[in-house]
Amino acid sequence: MRVVTFGEIMLRLSPPGFERLFQSPLLSATFGGGEANVAVSLAHFGLDSRYVTRVPKHAVGEAALRSLRGEGVDVSHVVRGGDRLGIYFAETGASQRASTVIYDRAASAIAGMQPGTIDWARVMEGARWFHVTGITPALGSSAAACTREALAAARAAGATVSMDLNYRKKLWSEADAQATMRPMMAQVDVVMANEEDIQSVLGFTVPGADPVAGRVDPAAYEPVARRVSRELGPSRVAITLRESHSASDNGWSAVLWDASSVTLARSQQYELRLVDRIGGGDSFAAGLIYALLSGRDNQAALQFAVAASALKHTIPGDFNRVTADEVDRLVVGDASGRVQR
C-alpha cells in the first residue's frame, strides 16, 4: 500500500544528552520534519512510503535524502533547487526545564518552491493515502499554494487525505493559520490535532481542558470534534491528549471521532518518561494511517497509534524506528492490564 507525504525535511542540531545549547562545543547532526517523520514510520511498518519535497543540490541536501533512503523511504520524486536546507536547534529539557526549539529555516528550498514544480499526477499513481501537515503552508504563500495543488491531486487520484494541523506560532499567527487552513479542510478526510491546534488553526475552543495543569477529560473533546466534521468536512477527527506533568513526565492518550458511525473512540493512556518528545505527534499520525489502511476498526486503529507514539517518546531523534509487530506487542500488553495506568 502506497502512502505519499509532502513537506520540509530539516537539519536537526542538538547538544549531547540533556545539555544546554553550546554548553559543550558539540552538536549532533540528524534530520527530521513532520511529514518526513511520518514517511519513515510508515516505511518501518512495511508500507510503500513515498516522500516529496524540495532540497538544495549540495552535500547537505543529499545527506538529508540519504538519511531517508536509509530508512526505506522512496525519495525518487524529490526535486532539487534553492540554496539552503532549513535548520532547527533542539535542546532536550528535563524535569522543570522545558525543551527548546530554535528555527533557522527562512528562505529554505521548499519555501521557495512554486506550483507546477511537482508532477503530482505521476506522484499520486497507485497512492492509497496522502498526508501533509499545517507546517508546510505556514512556510509562505508559495508553499501554501503547493499544498493546495497536492491536496487537489490526491483527491483526483482517489487517495484518502489526512492533515496534521501542527500549529507553529513561530511561523505564523492564529489569524493567518485560520485563513489558510480552514478552507483546506474541505479536501481532508482525516484531521489530526492537539488541543492547541484545534483552537489556533481552526478557531474552536475546548471548554474545561487544561493540559498544562495536567487535566484532560477525553469526553470534553467530542463536541469540538463533531463541530470540525459538521462545519469543515473531515469525516474523522483524531485529537492527541498530552498531560504535561513536567518536561520529563507526560500523560499520553487520544480520541478519534468518526462522523459516519457517530462514535468517539478513546485510547488507553500511558504515563511516559520522556527521552525525546519531538516526532511524538508524527508517530501517532503514522500509526493511525497504517492501522486504518490495514483495515483495523477505529478503536483498534487508535490503540495502535497511541502505542506507536508512546514508543517513539523513548527514542532519541525525530524518527520512530519501531516495527508494527513491536507496536502490536505493546497493545497486547495494554489489554492484559500490565501497561495501562
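**A quick tour of a predicted protein chain**

With 341 residues, this chain would have a radius of gyration near 20 Å if it were a compact globule, and its own value of 19 Å agrees with that. That radius is taken over C-alpha atoms, and the globule rule is 2.2 Å times the number of residues to the power 0.38. Keep in mind that this is a predicted model, where local features need pLDDT of at least 70, side-chain atom pairs count only at pLDDT 80 or more, and totals for chains, interfaces and linings use all residues. Residues are numbered from 1 along each chain as its sequence is written, and side-chain values use heavy atoms, with hydrogens and water left out.

**The whole chain**
- You'll find 10 helices and 15 strands here; these are DSSP runs (H or I, at least four residues, for helices; E, at least two, for strands), numbered from the N terminus.
- Some 57% of the 341 residues count as buried, meaning under 20% relative accessible area with a 1.4 Å probe, protein chains only.
- Take the contacts (heavy atoms within 4.5 Å) between residues at least 6 apart in sequence: 70% of them join residues at least 24 apart.

**An open sheet**
- Four strands line up in the order E3-E2-E7-E8, with mixed pairing; two strands pair if DSSP finds at least two bridges between them.
- At the edges sit E3 (28-32) and E8 (100-104), each pairing on one side only.
- Strands E2 (residues 10-14) and E7 (residues 87-91) run parallel and are joined by three bridges; Leu13 has Phe89 in E7 as its bridge partner.

**Helix H1**
- H1 (residues 34-44) is mostly covered, with 10 of its 11 residues buried.
- Those buried residues include Gly34, Val38 and Leu42.
- Their cover includes strands E1 (2-6), E3, E4 (48-52) and E9 (127-133), plus helices H2 (59-70) and H8 (280-293).
- After H1 comes Gly46, which has a positive phi, near 100°.

**Nonpolar cores**
- The largest nonpolar core has 51 residues, and Phe6, Trp120 and Phe130 have the most contacts inside it. Such a core is a set of buried Ala, Val, Leu, Ile, Met, Phe, Trp, Tyr and Cys residues joined through side-chain atoms within 4.5 Å.
- Helix H4 (residues 141-157) gives the most to this core, with six residues.
- Leaving aside neighbours within four places in sequence, Trp120 touches several residues, among them Phe6, Phe130 and Cys146.
- A second, separate core of 39 residues includes Leu42, Tyr290, Ala324 and Val327.

Definitions and conventions
Buried < 20%, exposed > 50% of the residue type's maximum accessible area, 1.4 Å probe, protein only.
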